[in-house]
Structures are given as structure tokens and as C-alpha cells.
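This report describes selected local features of the structure shown below. Please keep the sequence and the model in view while reading.

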Amino acid sequence: MEGSAVAVCEILKYLIIHWKCETAGTSKGALLEGQLVISMEALNSKHQENTLHCVTTIASAGSIYGGLVLKKFLKEIQSLLPGFSAKLNWTSEEASYSQDISGVTPFQMIFEVDEKPRTLMTDSLVIKNFLHKIVMVHPKIKFNFSVKVNGVLSVEVFGTKNEPTLNLSNGIALVISCRHYVSKPKFATAELLCSRIHPVLGHPVMLFIPDDMVGMGLLGELTLTPAAALCPCPEVFPNQLNRISSVSIFLYGPSGLPLILPGQEQPTTTVFKDTSYFIDWKKYHLCMVPSLDLNLDRGVHTLLTTHLSAILMESHSAVQDSIQVAMDQALEQHHQATKDLQKFQASLSVAVNSIMSIVTGSTSNSFRKICLQALQAVDTQEFGTKLHKSFHDITRHRSLPYCSCETKQQLLPEENAEENTEDVQENSLELLAGTSGQVENKRLQQGLEETRAFLSARGPSQSEAAACRTKPTAASLTPSGSRASPGGDLEDSLWQREVSNLSEWLNPGPEP
Amino acid sequence: MAFAPMGPEASFFEVLDQHRASLLAALRRGGGEPAGRGTRLASSSEVLGSIESVIQGIITSVARNEAPAFTIDNRSSWENIKFEDSVGLQMASHCTTRKIKSDSLKSVKKFALILKILSMIYKLVQSNTYATKRDIYYTDSQLFGNQTVVDNIINDISCMLKMPRISLHILSTSKGLIAGNLRYLEEDGTRVHCTCGSTAVAVPSNIQGIRNLITDAKFLLIVEKDATFQRLLDDSFCNRMSPCIMVTGKGVPDLNTRLLVKKLWDTFHIPVFALVDADPHGIEIMCIYKYGSLAMSFEAHNLTVPAIRWLGLLPSDIKRLNIPRDTLIPLTKQDQMKLESVLKRPYVTCQPFWRKEMEIMADSKLKAEIQALTFLSSDYLSRVYLPNKLKFGGWI
């Protein structure tokens, strides 16, 4: 990750952790609520060619609980950003040098950097990704993110207004609207039949912290809570064969912040490269081809992120059991639905063949004629084809089994969709795991109580790594080492994913 | 051809002859046999046309973009059954139905299997060949799963098309046996001569096809169990009580055995008696012959013989004959449940003597097999019990 994105992410993390600490004593379990504005304004640099001078502002739109002590804040942020050259300027008057912890404190911070246009684009995509992950577990926090390049403005709001959530404990709630987990649906109509995912929670697992990490300052209790869900909801396409095409794994740390994992070159990343370390995929007749970029969100969150792999390995058996239970439940309905559909199709095949046997074997001209005319077929071969298709079309809109999901307008396939009696809907499997506990480090010694949150490390998207494919898909992500090169695979894949939201980038203003 | 000359004197059958006269008088009063409702024999073209009509209906639904479905009478629901003492259990005219839909996961397989068997029947009728239910099952045992599924669907089709199974060219394997004073020709011309000796003839599989039945029998004895039947054969019962006919269904009777009993009654109107164990199961089997079964109620007119009388073993005989208590068996919980169920059936109300016998059984909580009579003497059944019952009218 480059400088601006790292700085923005670290500042936002600091703010959120601060909120959590401040609200923990007053309203335990309440969701964090607030609004932050992040803006990046870039103009062509007057001093360097092909460079933009970018001013980044982070401000609170409303109030922030408690007061921030500027000196402490700046010192801690600087320690988290050792390689960051820009100067952080706090522009909030009331909070300057204030020790007050009871009043409301508007907050505004600015820093300026010079960077290449491509880098700015990447930074903005990374920040968007980060904001997206935060609002998934902090539904009441809203981010206004704007990027202005040489006068061309792009604004995006990250929030989950009035969306359904699954409340967990200690101020964390998981948004369950599937738009946060999938890109636009394949089928073109108004709304999905069920727009939610239905997470299945595994039982919390106490993680043992290895002795050598305790010595590094990682102390306390750590609990992992996994959750698994299929996306979209299998009820959306009950009449089609569904297959699992990808798995996304989100890891969140305490306070509900996405965990940033260490670099791929480090040997301790085994557990994140090979998910079968915790999940028995063969049980579901799946094989996973890892395609995980561990460096999507590089940075440092806490000591926890550095040593998370080792911690999880230490409690391998318990973690595996907990995750497997959640997975079993999440996939149970999918498997049953697949079996039911196969049974359905097999029965209809028998029915059609039996009818064909009678029609083709009949010596009654009038009977055969009536049958052919009914389906407007010229001969029995065409009759058979049309009969099969008609049965398929009629029964694909059959009554759905009871679904506890919200029901909306029924989905219709695109009219120009290629005829395929085995339309296969791809599902992705979302696995979220959260850690909670009293883990002591410098930042959390402020009195952070036990919280349940989720560890997050972005896995491959739905269009990426496919189950049981022999080669990775085109959109697989590359290690961080190659990210520095402009036009690298990482930037392209990010760009492809976000282009619908940042279409302005396609036609920027004057050449950067 | 003369029959075996052995048998009691003519006076032995006085009571039987009187009984027969009263049965014939009752028939005349009732206007003869009720006209056959429900299923009737159908010609091949009728069967083919009927199946084509069903297929046409399905294709019309499909063409209208509607999911086709079969509408099947609920054959096995008591609420669809009415009782007439001249017929027995039969399906009510307006009975409830159920739909076998093609667009429901629960019923799509049955929908498909009905079509599968319809297509097989179509081919059988077209080719004028026959197959048993077992044959049909084995054409694709994996698809059907088990024999019961096939049996039920065949009955459903028979009920839906209102045609007896034989018209659909589906035979059921006969397990019953006949012995005694009876001759007939099978459909293929085979002459069958049932004897009074120690061997019996298997009930034919095509009852509708037999003709030229000839008998001098004074009565027809339905025997519940094969063991009792064989015992009577060994004791030359048919000769001793000649002229008579004996039939056994070896337990719950199959369709052909029931059809044969019905045919013998319809042809000769001779008294028909049941010899069953004094237990709820035996009573139920006797009721099947007399009044019919729930499952086959749609074919009651072809199967039931309401004129059947209960000859033995009566629960009251147990006490009357001082059958040793240690030969009796306590009723099990299942026996008691079955007895309660039979007592609640609609036909018991018009059989007060039967009800009384069942109440004796319920009160004593004991049952007895016919074989209990051997404790009195080894041939008590064929030499004493049955002859006395028949001579003195010991039936109810």
C-alpha cells in the first residue's frame, strides 16, 4: 500500500478504536454512530512532471464522543506511519491541546502528498475497499468519500441506511444485505427475491496466545467467532443448479476493524493461503484453489495481525471445529437444494419419456395429430423437444419452499439469455471470523473492554478463484511486491471491480 | 363325469339347504345382484383410448403453460368410504381427491411414475401381453424403489381409469389354493378339475377369463390359513363333506382369490363360510372377503361377498368346548388395537352376533388358533367340529 491510503486507514482506525473506548463505559453493546468525511483533492504539481499534489482531509461531520488529545494522537499516528513523510495537521480549534473527555469534539485533519496519478487512483480504491469493510460491521457509521482531480469530482457515500443487520455483541452488527458481498446480479430485473445473506454463527473459540508472543506484549483473552453464509441467498435461484465458485474470507479484529495481514513472503501466512487448514472442503465435494492476496491492505493494525497466523495454528483443532460447524450449516441448505433440483429434473425426464413413448407408439392418427398441434410441432422429434422445454419452463416457476427471507418481485431471466436447461448460478461463500478479547498493546491499554468483532482479510471476489478449476482465474491478485508497478495486475483487478463507481476515472480532466 | 361318491347323507345338508334358500330369497328381494358400479371390464381399444385421453389432458395443460397434475381419489381414506350391507365397503360417490402435481417437489416423482406405468400398460394392451405387478417393478427396480410403490400406483390408475386391473393387462400373482367339487375352463382352454384328494389347485391368475364352471357343492369353505387348509386336505375333509369346495388365500387374500370367491358366489349362490382363527387378525381377514378392504373399495362390487357367514372358530366356542386355557394366547397390544378398530367399522353394526363374539374376545383378552382344537383330539376339527357346525347351523 502506498502512503496516502495507509495514512487514511490508520487515522480512521485510530478514530474508531477511540470511539469504542469512549463508548464502552457508557453504553455497552451500542453501535458506534457517526459520520466522517474523507476528501482527496489533487491538482497537477507545479514542480514535478506527471505528478499530482494531493491534499487529503479527514473530518467528522457530526460529533465524536469524548475528546481527542492532539499530542497523543499525533504521536501515536506517527509511530504507526514510520515511512509516511507528509506532515499531519490538526485543524480543529476546540480540541487543540484539550484534555476534555466529556464534550463533543469536531475533528479535522489534513495532510498533503505528491504522488503519481496511478498511485492516487490505487489509493482511492484501497480506501474505498477499507471503508466498505468497516461499514459491514459498523452499520451506523457513514463515510463520505470524495476525490477531486483537477476539478473533476467523484463522490461516494459508504453507509447502510435502514439495511437489515445481524446484531452481535458489544457494539458490532453485521450487515446482511447481499449487495455488500456480490457485484450486480446476473439476471436483469428489478429486485432479488431475497436480498440477504443468512450468516450461520459458529461457537466462539478461545484462542491460546503462544508464549513467545506474550513476551512481545500480546496479552489477554482472545476469542474467535466464525460466521458462514452463502451469497446470494440460495432461495433466489431455487430452480437452478447452484455451485460454489469462490470463497471470500473476511477477518476483523477487536473494535470491528478489518485486519491487515502480514506480507505473503512471511512464512507464517500458511493458514491464510490454504483454507483447507481449517475447512474440510472435500466433505462438500469442493476443492479450493487458493488465490489470496495478503497484501491488499498492507499496514499494521496491532501486534495481533502480525502473529494471527501463529495464534490460529496454536488453536488449530478448536478453530477448525468451530468453523466447520458454521460451514456445515451454511452449506446444508445449498446441498439439499441441489439434490432436490436433481431429483426434480430426473423425474421430469421420466415423465417426458413416458409421454413420448405413448405418443410415438400410438396408432391413432387423430391422437397424434392433436398432440403435435397442441405444441405446434411438425413431427414427434420436435414434439419431444418442445415438450421437454415446456415442462422445464413451467416447473422452473414452481412454488418455492418456505423461505424466511424477504420476498419481493419474482426474478425473471434475461430474455436473450442462452437457452440452458442447466443454468448454473454461482454462489460465493462468505466466511467471516472475528476475534474479541482483552488483548493488550499500547493502544488498547486505554481500557478497551472485551468486544466481539471480526477479523477481515479480503479474499478473492466472486469472479475469481473457482472451486475445482485447474488454473486460476484471470482476476487473481498478485503479491505486494509487484504492486508497485503501474498497470500491474492488482490495479487492473481493482479497477475492474470499482469502475462502475468511479466511472469518472475513465474520462478525467486534463492529463495528469 | 361323476364326482367322488363319498360324503354324508342328504339329510346332513338340510340346514345348509335351508340357509341357501334363504340366501336366494334375500337376493330376489334385493332385486338380484346390484349393478356393477366402479370398475368394469374394458376392451383394449377402450383402455388405449382412456390412456390417450389422459395424455391429451396433460399435453393440453402444458400447451397452456400450466403444470399438469393427476387428480386421484383418496382410496384409502375412511371418509371416502360408505357401507352398504348388500355390497360392503365401497367408495362414496363424491369422495375427496388429491392432486399429484408435476411442479411440486413432493409429488413430481409420483407424477412421473404414474406416467411411466401408464406407458407400460399402453404397450401391454397394444401387444396383447400380460405382466404381473412384480414384472413391472423389475423393469426398473431402482426407479420404483419398492413393490409397494408399484402396487399403489397400479391401484390408483385402475381407480382413475375406472377399469379393473385385468383390463390393464396387469396380473397379480395368485397365492391361493382351491380344492373340492369344482371344474372349469381357463381362458386358454385348459381344463381344470379340482379334486377332493390331498392336493389342491392354485387359484388361476385370470379369473375373469375362466368359464364353464361346474359344481355340485353344497357350500364353499374359506379357510384363513394354509396350515389349516392342508390339515383339512390331509383329513380328506372334501370327501367326507362332499360335495363341497374349499379355498384358502393363505392369510390376507390376494385379488385373484377374492375374485374367485366372488365368482363362485355369483355363479352358484351356494352358502359361503369362513373358518378363521379366533383372533382379531382372522376376523379382519374374514371381513375382507365379506365386506372388502379399504384399499380396494373402488372395486368392491367385483370382490365382496356379503353373504359370507362366520363358521368358526368363534370365541364362544372356546368356552363351550372347554378348550384348555393353556392353549389360549393373551391378546397383544396390537391385537387389542386391531380389535378396537374392527369394532368401530361401519359393518359391525349390522352384525350383532359378530359384535358379541368380538366383545367376548375383548373381555377375556384371549385368542385362540384353530389348531387349539387339536388339543381335544388330533382330527377334532374335520371329524367333529366342522361337521357339527355345518349340520346344525352353527354359523353366524
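## Helix H9 of chain B and its surroundings

At the start of H9(B), a side-chain oxygen of B:Asp254 comes to within 3.0 Å of the backbone nitrogen of B:Asn256. Helices (H or I, at least four residues) and strands (E, at least two) are DSSP runs, numbered from the N terminus. The model is predicted: local features need pLDDT of at least 70, side-chain atom pairs count only at pLDDT 80 or more, and totals for chains, interfaces and linings use all residues. Residues are numbered from 1 along each chain as its sequence is written, chains are lettered from A and ligands numbered from 1 in the order in which they are written, and side-chain values use heavy atoms, with hydrogens and water left out.

Helix H9 of chain B covers residues 255-268. Its 14 residues should span 20 Å at 1.5 Å a residue, and the end C-alpha atoms are 20 Å apart, which agrees. The expected span is 1.5 Å times one less than the number of residues. Because 11 of the 14 residues are buried, H9(B) is largely enclosed by the rest of the structure. Buried means under 20% relative accessible area, exposed over 50%, and partly exposed in between (1.4 Å probe, protein chains only). Among the buried residues are B:Leu255, B:Arg258, B:Trp265 and B:Phe268.

B:His269 follows H9(B) and lies in the loop between H9 and strand E14 (272-275) of chain B. B:His269 has a positive phi of about 50° although it is not a glycine. With 18% relative accessibility, B:His269 counts as buried. In chain A, A:Asn150 also has a positive phi, near 50°, and is found in the loop between strand E5 (141-149) and strand E6 (152-158). A:Asn150 counts as buried at 16% relative accessibility.

| Residues joined | Omega |
|---|---|
| B:Ser242 and B:Pro243 | about 0° |
| B:Gly312 and B:Leu313 | about -10° |

B:Pro243 lies in the loop between helix H8 (237-240) and strand E13 (245-248) of chain B. B:Leu313 lies in the loop between strand E15 (309-312) and helix H12 (315-320) of chain B.

## A helix pair in chain B

Helices H3 (residues 108-127) and H6 (residues 147-161) of chain B pack at an angle of about 70°, with their axes 10 Å apart. H3(B) is therefore roughly perpendicular to H6(B), a term for angles of 65 to 115 degrees. Residues in contact (heavy atoms within 4.5 Å) include B:Leu113 and B:Ile117 in H3(B) and B:Ile153 and B:Ile157 in H6(B).

Definitions and conventions
Axes are lines fitted to C-alpha atoms, for helices over the stretch in contact, and angles run from 0 to 180 degrees between N-to-C directions. Angles under 35 degrees count as roughly parallel, over 145 as roughly antiparallel, 65 to 115 as roughly perpendicular and the rest as oblique. A polar contact is a pair of N or O atoms within 3.5 Å; within protein, one must be able to donate a hydrogen and the other to accept it, and residues adjacent in sequence count only if both atoms are side-chain atoms.
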